[in-house]
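Hi,

Here is the structure I promised to pass on. My notes follow below it.

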Amino acid sequence: MSNIAVADAAAPSTAAQPFMTRLGAGFVSRLVIIVPYLWLLFFFLVPFIIVFKISLSQTAIAMPPYTPVLDFRDGISGFFAGFRDLNFDNYVWLTQDALYFRAYLTSVVIAAISTVLTLLVGYPIAYGMARAPATIRPTLLMLVILPFWTSFLIRVYAWIGILKPEGLLNQLLLSLHIVNQPLVILNTYTAIFIGIVYSYLPFMVLPLYSSLEKMDYSLIEAAKDLGCPPTAAFWKITFPLSLPGVIAGCLLVFIPAVGEFVIPDLLGGSQTLMIGKTLWNEFFANRDWPVSSAVAVILLLLLIVPIVLFQQAQARAQEQDK
Amino acid sequence: MNTTWSRFNITSITLGFAFLYLPIVLLVVFSFNESKLVTVWGGFSTKWYVSLFHNQGLMDAAWVTIRVGLISATVATVLGTMGALALTRYTRFRGRVLFSGMIFAPLVMPDVITGLSLLLLFVAIGMDRGMTTVILAHITFTMCFVAVVVQSRLVSFDRSLEEAAMDLGAPPVKTFFQITLPVILPAIVSGWMLAFTLSLDDLVIASFASGPGATTLPMKIYSQVRLGVTPEINAACTILIAIVTIGVIIASIANKRREVQRQLDERAAQRG
């Protein structure tokens, strides 16, 4: 990585500095890039290449449970010989078993519905916060962030006690005579929706709030003065101006929700199907590493477009802050 | 103030916060329940806390989690701060697009993919799975969160301060430690806290990266939750919530104090 060309850190004044200091600065500034760069290359990018490689290998009853492909131990010739052993059996297997296709499809549909629900719940909260008196806004912001700091697992676990057939929600509904028999919510898709909306709500509210807070509300006043009804003013002014927040929030919820494991596993029970759970089971229960790698590769391909969109939205937001 | 805080806004905020906090409050309340049933109130008791501290497995797991969290958060903070500096200060270097992609992608990457890919890496390089591999995995995914937090502070940072210091002859490294670092320190501290809580919280990545003998608290809680909900888990969760809440409150008070002090200093400087 020595060829990373570094735009020089210190501006015009560098020329005046002693040679050794400049050398030191160049080295340090290079280090600032190289160290995290190499770390991420090795621990983030290389692992994906390995996943891809193993997804093309065959299952074996051994430890690790796959036949090695692209073995570098025999040098270059061994490397090329390995190509002959590559096979797409695992991918063929994924297309033949309808279970996988259904798991991908339901995951995307569940994530999409949950994202819309989270937006519907989160928007009024973010809007209310942005219109709150400036003195209490930091406190409100803090209150939204605080649950995010408490464990994800704990927050999902808390809902089990609420949604169970003999749980707190049913006790309340029965005692108020709203229902005559306990509602079955736990271990259904409804419970997954509740879990995702609840867990990911701060991720939706924060970007929404930051774009709603920046908005110039005199625009609304002007629209009102000109006789525009409030609903029309919302759709014509507020919502379009909050669109960057809506996009960022939706991507922050949708992408991780597609691959979610804890929520479908704890709240969805064994009857619900989601790809994160399928991958986990292939790996931990069936010990089929090549197939779970293939599942991961397809999931990644499925998410690559939203991930690139997310990254571009982040880069744009960064440009605007400057 | 011409912003009208309508009844609609107040209602939506109240309902929103009730939704966010009610489950956590109920969880805490039922950790003090005398009855073994988690959802039926049987009187106040702290017995589950006592039995919790006698649960050796849970205590060992808690100790592993704390060590993993402290080490991984500290390394991740250093790497993440470097990454943030690289992203904001060096707008042109070869591979910058890939670099920023590798910083942002882990933020949204599903845990199952990150976990699986790291595990396969550890197996491929022949590393024994245990606490070290969990720490390495946690550094990797939390450093990106640190980078984003620190970066947002660096973007709004007034660079003329640094330029002034360097014009006066301070070498860049000294400028960084005497000018830049104090200014971005609050962001670095909150980045560290975020990394620590993410590490404390993680179940999926730790489950993949961990081996025998290195069970973290979330892994332990998860395996017990699968067997059924018990008040003991509620007690463990309550302690975790208490630690995090106290930490966040202390940090925000310290932050506020520093902010007030800074404003006073600035005013004094203007007057002087």
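To read the fold, note that helices (H or I, at least four residues) and strands (E, at least two) are DSSP runs, numbered from the N terminus. With that in hand, chain A reads α-α-α-α-α-α-α-α-α-α-α-α-α-α along the sequence, that is, 14 helices and zero strands.

Some housekeeping: this is a predicted model, where local features need pLDDT of at least 70 and side-chain atom pairs count only at pLDDT 80 or more, while totals for chains, interfaces and linings use all residues. Residues are numbered from 1 along each chain as its sequence is written, and chains are lettered from A and ligands numbered from 1 in the order in which they are written.

Chain A has 322 residues, and 41% of them count as buried (20 or more other C-beta atoms within 10 Å of the residue's own, with C-beta atoms placed from the backbone).

Now the contacts, meaning residue pairs whose C-beta atoms, placed from the backbone, lie within 7 Å. Between chains, 90 residues of chain A touch 76 residues of chain B. On the chain A side, helix H1 (residues 19–55) gives the largest share, 21 residues. By class, that side of chain A holds 66 nonpolar, 18 polar and six charged residues (nonpolar: Ala, Val, Leu, Ile, Met, Phe, Trp, Tyr, Cys and Pro; charged: Asp, Glu, Lys and Arg; polar: the others, Gly among them).

Within chain A, an automatic or database assignment gives domain 1 (12–85) and domain 2 (89–321). Each domain puts 10 residues into the contact between them. Domain 1's side of it has six nonpolar, four polar and no charged residues.

Cheers

Note on methods: Contact = placed C-beta atoms within 7 Å. Buried ≥ 20, exposed ≤ 12 C-beta atoms within 10 Å, placed from the backbone.
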